[in-house]
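I opened my notebook and went through this one step by step. Here is what I looked up, in the order I looked.

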Amino acid sequence: MRTILRVLRYILIVICLVFFLFPVYWLVITAFKPAKEWFTWPPTFWPTQFTFSNFFGAKETEVFGGTTGSIENIFPYLRNSIVVGVSVSLIATMISALAAYAIARYKVGGAFLAEWIISIRMLPPIVSAVPLYVIFSRLRLINTWWALILSHLVVVVPLGVWLLISFFREIPREIDEAAYVDGASVFQTFFYVIFPLSAPGLAAVAVLSLIQSWGEFLLALVLTNDARAQTLPIFLGRYITGWRVAWGPLSAAGIVTMLPVVVFAIIAQRYLIRGLTFGAVKG
Amino acid sequence: MKNRLIPWLMVLPVLALFLSMTIYPFVFMIWSSFRQYDLSKGAETRFIGLSNYLQIFSDTTAIESFKFTAKLLAIAVPVELLLGIGVAFLIRGVRGEKIIRSSLLIPMMVPAAVSGVAWKMLYNYAFGPVNWFLSLFGIPRISWLGDMTYAQLGIILIDVWQWTPFVFLMIYAGLQSIPQDLIDAARVDGADWGRVFLHVEFPLLKPLILVALVLRIIDCLKTFDIVFMTTWGGPGAATHTYSFYIYKVGVSFGWNIGYASALSVLLLLVSMLLVNIVFRLVRMRQQLGFGGEGE
């Protein structure tokens, strides 16, 4: 009986692993398939011929007489994603830390301010997307990095503030007070004493911000319109709508879009759990 | 402490960001929801009272999108909760737990646009692995994204795939925080695993399950990218989520800012209600250090 249950348990685990990993596996494997294997029945679960041409090489790929985009022109989008993601990550970490410190130690704005900031995180972005479009077009910021950086900051800063408030609260107050007694100003205390002590928290906020900005779709879709500012997810969105889709290069582009985030997330997993579980779980 | 101004200076950047990027848009949205404001018909606006709001009730696509969003909430969220809790218990203490755990978290880390690409290939009518798998059981091909019922099912399945890991993560983290002595003590007293679950683990996990439930409901209301990447709301209006419909009205189809604003105000009200519930559930004030226990 016991063995049967154990075997059953492992079978269930394998089923779960297959269900949750197969879509990612399929994307990866398609990226390495030659063109003739994108459309075969039965589908091939391992490419007969491993190829890198979906990543490099072929500028345009011919599929059923039509041509579709290739990964060749992904670089402007990659550049935009990196510029926006890194800027958002750095600015968000900095301003979240400042605000969280003031809220945690000095209770600036009281519970109202703190709750207001955090509640913004939970509102659907579509609600502000249309007004933001109108505002940014008046400021002539549509299709610029700035439109994305500013709007992504609104998405990522609330979580950063939330995470860091709980982080700073775990640092004993006596440490700040000792610094004041030694004659340090509030800013000096913050930069030279608190900042180094909270490095893991700051790193978590930086990584989380980057991940959120990197994958953000809706605002990027509404606020940008060409390769000057569009990010990787939008690149994917543009190519998937066509009738003839070159699955190989599209999957390769999907890997480029996915890999940095997944690698980051796995490396920083331990710190991320706190952020991802929304501070609802302590520890 | 030293200077009352300095802490305010520290929140100033965030405050400036949110005042300009949220308060102003919200005011603009409420203002425009009462006006005829359609960029496709010129930028001139005029006050029309509640017409935009009343239009929602006679707009069949709006009602369809409302229904589909409700379906998503009613089916995907409970499935995610049950599956997430089940998986958390399933892998606890198993050999290779850490690797299995990390692997199971991958779907929620994949950007939604990428999962859209992957699932669109999986669902492909002629060459997709999903239909191949079904054919092993003699089930004829299904047009996953082309048939109304199956397309809805298809979107729900993607949501389950992407977000069950989130529920799993929360419950798993909660399970880790239950002291092992508590479980051992119950075992010594002769409780089988069913009783341990019912009387020890479940009561301790209950608040977390509630939080996961409400957070999933809130996030479900945002569902957009998956729909955009796979069905584009189709066939017909079958897979329009509410967020996707606002996008169509306000951006891709019409630039009807007034009507989109009215739709958004409605969504905002529902979301604010839910946010309030979450804050009560997680005792937000105490967590942030205002009132209650602690300092």
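**Entry 1: A:A220.** I found A:A220 in helix α9 of chain A, which covers residues 218-223. Helices here are DSSP runs of H or I with at least four residues, strands are runs of E with at least two, and both are numbered from the N terminus. Is A:A220 buried or exposed? It is buried, because its relative accessible area is 0%. For my own reference, buried means under 20% relative accessible area, exposed means over 50%, and partly exposed lies in between (1.4 Å probe, protein chains only). Leaving out residues up to four places away in sequence, A:A220 touches A:L148, A:T231 and A:I234. Touching, or contact, means heavy atoms within 4.5 Å.

**A note on the model.** This is a predicted model, in which local features need pLDDT of at least 70 and side-chain atom pairs count only at pLDDT 80 or more, while totals for chains, interfaces and linings use all residues. Residues are numbered from 1 along each chain as its sequence is written, chains are lettered from A and ligands numbered from 1 in the order in which they are written, and side-chain values use heavy atoms, with hydrogens and water left out.

**Entry 2: A:S81.** Next I went to helix α2 of chain A (residues 75-106), where A:S81 lies. A:S81 counts as buried because its relative accessibility is 2%. Not counting residues up to four places away in sequence, its contacts are A:W214, A:T231, A:L232 and A:P233.

Entry 3: Then I looked for exceptions.

- A:K107 is not a glycine, but its phi is positive, about 50 degrees. A:K107 sits in the loop between α2 and α3 (110-122) of chain A, and it is partly exposed, with a relative accessible area of 33%.
- A:R140 also has a positive phi, near 55 degrees. This residue lies in the loop between α4 (126-138) and α5 (145-170), and at 72% relative accessible area A:R140 is exposed.
- A:W41 and A:P42 are joined by a cis peptide bond, with omega about -5 degrees. I located A:P42 in the loop between α1 (2-31) and β1 (61-63) of chain A.
- In chain B, the bond from B:G234 to B:P235 is cis, with omega near -10 degrees. B:P235 is in the loop between α10 (225-230) and α11 (242-252).

**Entry 4: where the chains meet.** How many residues of chain A are in contact with chain B? I noted 103 residues of chain A in contact with 103 residues of chain B. The area buried between them (the accessible area, 1.4 Å probe, that two parts lose on being put together, summed over both) is about 9,500 Å², and carbon and sulfur atoms give 82% of it. On the chain A side, A:F20, A:W41 and A:M122 lose the most area to chain B, together 8% of what that side buries. I found one salt bridge between the chains, a side-chain nitrogen of Lys or Arg within 4 Å of a carboxyl oxygen of Asp or Glu. B:R285 forms it with A:E115, and the closest N and O atoms are 3.2 Å apart.

**Entry 5: chain B.** Last, I noted 13 helices and two strands in chain B. Of its 295 residues, 56% are buried.
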